[in-house]
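Biologist: Thanks for making time today. Could we go through this one together, question by question?

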Amino acid sequence: MAKEATEVSYGDVLSRVSRGEGELQPDRMALSMGPSHPSTHGVLRLMLDLDGETVTRCEPVVGYLHRGDEKIAENMTYNQFVPYTDRLDYLAPLANNVAYALAVEKLAALEVPPRCQAIRVLVSEMSRVSSHLMGLGAYALDIGAMTVFLYTFTEREKLYTLFEELTGARFTTSYTRIGGVARDLPGGWLGKVDKFCDQFLPVLDDCNDLLTRNRIFLDRTEGVAEISKEDAIGYGLTGPNLRASGVPSDLRKDCPYSGYEHYEFDVPIGARGDCYDRYLVRFEEMRQSIRIIRQVIQSMPDGPWYAEEAKKIFAPPKDKVMTSMEELIQNFMIVTQGPQMPAGEVYFEAENPKGALGFYIVSKGGGVPYRLKIRSPSFCNLSILPKVARGCMIGDVVSLLGSFDFVMGECDS
Amino acid sequence: MAEQKHELAYDTKIEGDIVVTRADAAINWIRSHSMWPMPMGLACCAIELMAAASSRFDIARFGAEVMRFSPRQADVMIVAGTVTYKMAPAVRRIYDQMAAPRWVIAMGACASTGGMYRSYAVMQGVDRIVPVDVYVSGCPPRPEALLDGLLKLQKKVAGERSVQQLRVPESAQAPHSSL
Amino acid sequence: MSEEIVSRLQERFTEITPRESLDWPAVNCPARQWADLAAALREEYGYRFLMDVSGVDWKEEAPRFMVVYHLFSTRKHAYLRVAVACPEDKEPEVPSVVKVWPTADWHERETYDMFGIRFRGHPELKRILMWEDYPFHPLRKEFPLAGWETELPDREVAEQTGAKVIGAPMMGGPFVAPDEGPMSEREPRARDETWTEKNPKPKK
């Protein structure tokens, strides 16, 4: 059966043994973890070779959620692809929307007005909080602390309520358009966000009390799966996973976009690069995000919330479409043919909760991209697993996976 | 043991410690109110599935909070998310490992029909490989929608002829559960 | 600054040419010089991050396949784009840079999976997103979004359920407006109209 055994067949563990890959030894074991396993956060599959409890080889198998996003992008206009970006990193859809819109606007050499930029920063940071809350809760759940999960989910529900008021959906938001956002902020919404921030920080402290000095949590995370600076850079890690290894690299600081240079915030970095550092970095990032959110609320500029002069790119608001001939034609052209882009190629990366989400767009002009490559942070982060997991105990693999906080929708795109 | 003073009759009133009812009704009542889900969390819908299980929506109100990642302990598989062709055989194998009686909820557009992913890699509906009892619409469905789907399934289970089906038909036996 | 790095590289690597770009400095590099250039970029020019590897299929143009690398320098906070064209169209191949940037491992596997571009010197070049026996390379331009019919990855399950990998029904699915032609015919429509749900797709 060796030849016929395919990737997904459960038989291939047996077939590997029967092929004689290593003598059949009482302490050696091949373990297939996933693709349906509570701690693999989706459909990741790990092929582990174990020597007793120790992992001697770890081979991640990804692609179980490969949906063909890049091919889909080549078949539709730029705006039509926005909903698909929601479902890349489905823990922070708003941040993906913003990253994608910025990439296409870079292609069009289009600058959006300050209010639009501020809204985008605001929603990106809110989704960063939401994503890290999920990562934190799931991580705690993975290594046995259920309470934190319930706490963080309560807060996430509050964020979802805010997102719903803003975009009309809980988390498949599709909020940005090329050249702006779908709609302006609803009245009184900023006040609600401010109120959320006020009550959120004490909850964060509660979670902190539950975990940070918790003996069991420390034992499961401290010194587990350390990643050196060189490895982190070599394997293209980005986001909190990179910074936990002590590399102070944050695109919001390094190549500021969407007006991030106007806000004050710190970039937390770790010292050892172990699971505990990755947890701490995420924790502190939430506090910094709240700091940014407060600054944005205080300095929210007035004015238009979409690029009014970009008539071939941003479809005008509905009330104008219904009353003015010119806007009606403009709307029709954009809906049928897509926003008109120049030919050329651009690469843009945004600092998403999971790391640097990049879009490489090759355009031949017109409303449809010729090629759109998604550089997904989770994909790159996971590629270091074979190196890090080797030598870990089997229980540490669970801890390691949780600390990476990856999303398969984005990894497999 | 029933005491002598109570008389047995065709009556659903509770008399002492005896309830008289149809076996089907009793079995279905038990089954439908302790559905243990197997959360087949594949994509975005899994997040809403988790939201349904956590504090605000609290799926425990409907007796389905016991999420079992082992298919052997589960009654209903909630397929939450996009089923790709690469994943589909694994879904089927997990379904095969579930003990009868078993049910399937296809949660969301992707699991029901392929949804917005009409592409080379996505199976156009999980019902091509497993029988689906309840389809929940939405992309993703709100937790309330999932709860509604669960109630619909409970209603469906309540109408099943469980005593007749106690003998498992051969088609429902799991051929792949050897490993 | 953007021109500076390109001209400095050109002095040393004579075969590379500047590449048109809307943002970051970009160069074209012939496949035979790519391995040397990559090592130098990492060690001497400070491009320690390989951010992205992306295949591009140019359809009729020659050469047809190209691999585009995006490098990032943590010191200068700047990207560099290097486009390496595959000399062969039939069996496209470029040298692997796994030894220079370990992250290239998965990126190159993905590019191989999606485009069928081989990377010479890759330690274990196999599919990563699709399953091992999948017969096509989906991001090639001749491959339709709906896909072509083939077998499920698991024979046992396929036999039991009778399911196959089939072309996705496109009616009402992803549609675009063509760039050319009279206005009246430019309304959005399904990209592939040769078959619909009523007229099934011809067997390949």
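Biologist: Is Ile143(A) buried or exposed?

Modeller: A word on the ground rules: this is a predicted model, where local features need pLDDT of at least 70, side-chain atom pairs count only at pLDDT 80 or more, and totals for chains, interfaces and linings use all residues. Residues are numbered from 1 along each chain as its sequence is written, chains are lettered from A and ligands numbered from 1 in the order in which they are written, and side-chain values use heavy atoms, leaving out hydrogens and water. Buried means under 20% relative accessible area, exposed over 50%, and partly exposed in between (1.4 Å probe, protein chains only). At 10% relative accessibility, Ile143(A) is therefore buried.

Biologist: Where in chain A is Ile143(A) placed?

Modeller: Helices (H or I, at least four residues) and strands (E, at least two) are DSSP runs, numbered from the N terminus. On that numbering, Ile143(A) sits in the loop between α5 (114–142) and α6 (146–167) of chain A.

Biologist: How many Å apart in space are Ile143(A) and Ser124(A), C-alpha to C-alpha?

Modeller: Ser124(A) and Ile143(A) are separated by 19 residues in sequence. In space, C-alpha to C-alpha, their separation is 29 Å.

Biologist: Which side chain of chain B does His66(A) contact?

Modeller: His66(A) belongs to the loop between β3 (54–61) and α2 (69–73) of chain A, and it is buried at a relative accessible area of 3%. A polar contact is a pair of N or O atoms within 3.5 Å; within protein, one must be able to donate a hydrogen and the other to accept it, and residues adjacent in sequence count only if both atoms are side-chain atoms. The His66(A) side chain reaches the backbone oxygen of Asp412(A) at 2.9 Å. At 2.8 Å, it also makes a polar contact with the side chain of Tyr120(B).

Biologist: How many salt bridges are there over all chains?

Modeller: Side chains of opposite charge can pair when their charged atoms come close. The rule here asks for a side-chain nitrogen of Lys or Arg within 4 Å of a carboxyl oxygen of Asp or Glu. Over all chains, the count of salt bridges comes to 59.

Biologist: About how many helical turns separate Arg8(C) and Glu4(C)?

Modeller: Arg8(C) and Glu4(C) form a salt bridge, with closest N and O atoms 3.4 Å apart. Arg8(C) is partly exposed at 36% relative accessibility, and Glu4(C) is partly exposed at 43%. Because they are four residues apart in helix α1 (residues 2–12) of chain C, their separation is about one helical turn.

Biologist: What percentage of chain B do buried residues make up?

Modeller: Chain B has five helices and four strands, following the pattern α-β-α-β-α-β-α-β-α along the sequence. Of its 179 residues, the buried ones make up 51%.
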